[in-house]
Amino acid sequence: MSLLGIDLGTTNSLAGIVDSGFPILLADSQGSRMTPSAVFFPPGGGEPAIGHVALRQRILHPDRTILSVKRLMGRRGQDVDPARFRFPLISAPNDPVRIALPNPGPPGLSPEEVSALILRRLKGIAESAVGEPCERAVITVPAYFHDAQRQATRRAGELAGLQVERLLNEPTAAALAYGLHRCEDHSRIAVYDFGGGTFDISILEIRGGVFDVLATQGDTYLGGDDIDWALSRFLLGRFEETYGPAKLDVESALSEAAERAKIALSTSDEYLLELPFLDGARHFSTRLDRSTLEDLARPVVERTRRHCRQALHDAGLSASELDHVILAGGSTYMPLVRNFVEEVFGRTPHTASAPEETVALGAVIQAGILEGTLPNLVLLDVTPLSLGIETFGGLMNVIIPRNTTIPCKAGEMFTNAISNQDSMLLRVLQGERELARDNWELGKLEIPFEPGPKGSARVGIQFGIDADGILEVLARDTLRNADTVLHIRDTAVNVDDERVERMITESVEHAFEDFSERTFTEAKLKAEELLPAVEAGLRQMGPALPAAERRQIESCAAEVERALRSGSANDLKSAVEALDQATEALAALLVDKALERALESP
Ligand code: ADP
Ligand code: MG
């Protein structure tokens, strides 16, 4: 089953898979790889239309055609300006924004429900193209998306019947598409992503094989649409020069024509715009050249400059310290934009042959890396926090330390702490604290084993994290050769940055008390083992020991008892060590005695 890579864009969305080792984007039955992020709800109810079909309804039914829903994902009333949307919104401060459709539409839709329709369409396109179900996906999100926006994107995926294996930052996806993960460590990359309705500039740094976002800036209301708008105003002026005031449908036809002209002028110097039946019967035809378009577009493109400067400033870098500048988004086809980026960053940007597909391609590459179907690529992922199990006494026993590169495997052997136990409960923990109770429990596993005296069981525990970030906990009773397995998805590797930071800060803050509690617990376990053994040994071999030695042992044992009651970790530790030392001779005698007995009994 293929893992999809999806760019869920503000204007356009795309999906792809890795096929025979190549990342490819999938086309619908019309041969189009791009699906406009548009959903139309027909007035009479019935199935919503998605993509190109929906986009065609935006002029006739602006209030039922949902565009740019990405801007509403994870947003609350105070975050959005309803005047910016041509469809009605239900927005109250602190409440998640909903989309209101004029009756008899559904009563109110969440942005994720609308995004889910787009995702479901992409899923459908992919399934027809590959001929099998596609139920898992990597979905890209802007680097600046906060937790609620990321959660909303995840939910949209789930509503569409997709298991979201990973949310990938769009600039990281673009860098992957350009093959920049093969760059040297500490390479710095600026990603200039200029789409239909949004502009994003991000500065990345490769650290230990992972892309780190150093800074991200942008404008969620700046893009190719603004250029279309400026050009259509210009065209309207020309039209009205000849024919006088235009009607509304002339304006909308002109804005569509403007986008077509703009796209054509990215590759040719001149374009003949012809609208034969504009405004009923009138034929409008006009010649445009690239420099006219560039004069109109320049103020729009200029608006990206201060964001570029700000991003560099936030990253603490000057343009000359960048190693690469890359372009993404359909609007970077424009020669004007390419020249502008070159001027701002003082270097020629890398260009792709289809920049509007760059982010989607990166998502597919990430999917291939996760699946292992792109074997030549390594994008190292690391465990953000340590993974381990709770041991007897409530301590954390780390099996895979934090920052271990995945995939990885590690294990240890355990035994029973109590005689005649026939199973143990294994708690799988994540975190940096010394005591089990302060870490997070990822799962539990009941392991049955051969009952026997204390210390007789032999249970091997192995943790393995595969390339998908799935943790497999394998427990093997080596005496019976029986395995018990637990799979933990996602949580071992995908942890919210904020939670990771909090965990690490807490582990530092509590380092001292955690350490002394661990010391105490370890010494206490040792004491509880030692004291009864010493008592039994003295009973058996006491008379054979010199009186002074015997007194020494007894006073050390009393010291251990006292330290146990006092609760002081250091006192207990040294008392246990002293007792251990004092009983060396006794232990030797016991061993001799045992050997004697073994030799006697034939
Ligand atoms: P988004 O990331 O916002 O979903 P895209 O990256 O798909 O958007 O970019 C869409 C924008 O790119 C539109 O404004 C479209 O007009 C513009 N665009 C696409 N192709 C070209 C081209 N050849 N020349 C200029 N602009 C283009
Ligand atoms: Mg985009």
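Me: Which residues of α10 are buried?
Reply: This is a predicted model, in which local features need pLDDT of at least 70, side-chain atom pairs count only at pLDDT 80 or more, and totals for chains, interfaces and linings use all residues. Residues are numbered from 1 along each chain as its sequence is written, chains are lettered from A and ligands numbered from 1 in the order in which they are written, and side-chain values use heavy atoms, with hydrogens and water left out. Helices (H or I, at least four residues) and strands (E, at least two) are DSSP runs numbered from the N terminus, while buried means under 20% relative accessible area, exposed over 50% and partly exposed in between, with a 1.4 Å probe and protein chains only. By that cut-off, the buried residues of α10 are T358, V359, A360, G362, A363, V364, I365, Q366, A367, G368, I369 and L370.

Me: What is the relative accessible area of V364?
Reply: V364 lies in helix α10, which is mostly covered, with 12 of its 14 residues buried. V364 and T11 are 353 residues apart in sequence, and their C-alpha atoms are 19 Å apart in space. V364 counts as buried because its relative accessible area is 0%.

Me: How far apart are the end C-alpha atoms of helix α10?
Reply: The expected span of a helix is 1.5 Å times one less than its number of residues. Helix α10 covers residues 358–371, 14 residues in all, and so should span 20 Å. The model agrees with this expectation, since the end C-alpha atoms are separated by 20 Å.

Me: What is the angle between the planes of F239 and Y243?
Reply: Rings of Phe, Tyr and Trp (its six-membered ring) pair if their centres lie within 6.5 Å, and planes under 30 degrees apart count as stacked, over 60 as edge-to-face and the rest as tilted. A search of the whole structure finds seven aromatic pairs. F239 and Y243 form a tilted pair, with 4.9 Å centre to centre and an angle between the planes of 45°.

Me: What is the relative accessibility of Y243?
Reply: F239 and Y243 both lie in helix α5 (residues 224–243), four residues apart, about one turn of the helix. An α-helix has 3.6 residues a turn, so residues three or four places apart point the same way. F239 is buried, because its relative accessible area is 0%, whereas Y243 counts as partly exposed, because its relative accessibility is 28%.

Me: Which ring has R499 over its face?
Reply: A charge sits over a ring if NZ of Lys or CZ of Arg is within 6 Å of the ring centre and within 35 degrees of the ring normal. R84 meets this over Y221, at 3.9 Å from the ring centre. R499, at 4.0 Å from the ring centre, lies over the face of W440.

Me: Which residue stands opposite L426 in β24?
Reply: Two strands pair if DSSP finds at least two bridges between them. Strand β23 (residues 423–430) runs antiparallel to β19 (residues 387–391), joined by three bridges, and G388 stands opposite L429 in β23. Eight bridges also join β23, again antiparallel, to β24 (residues 440–448). In β24, the residue opposite L426 is L445.

Me: Which residue in the turn between β2 and β3 has a positive phi?
Reply: Strands β2 (residues 12–19) and β3 (residues 22–25) pair in the antiparallel sense over four bridges, and the bridge partner of D19 in β3 is F22. The two strands form a hairpin with two residues between them, and the turn residue with a positive phi, of about 50°, is S20.

Me: Which elements give two or more residues to the lining of the largest cavity?
Reply: On a 1 Å grid over the protein atoms alone, a cavity is a set of points where a 1.4 Å probe fits but cannot get out, and lining residues have an atom within 4 Å of a point; grid points are joined across faces, edges and corners, and a volume is the space filled by probe spheres set on the points. The structure holds two cavities of 30 Å³ or more, and the largest has a volume of about 60 Å³. Its lining includes Y144, E170, D193, D200 and V359. The elements that give two or more residues to this lining are α4 (170–177), β12 (188–194) and β13 (199–207).

Note on methods: On a 1 Å grid over the protein atoms alone, a cavity is a set of points where a 1.4 Å probe fits but cannot get out, and a pocket is an open set with protein on both sides within 12 Å along at least five of seven lines; lining residues have an atom within 4 Å of a point.
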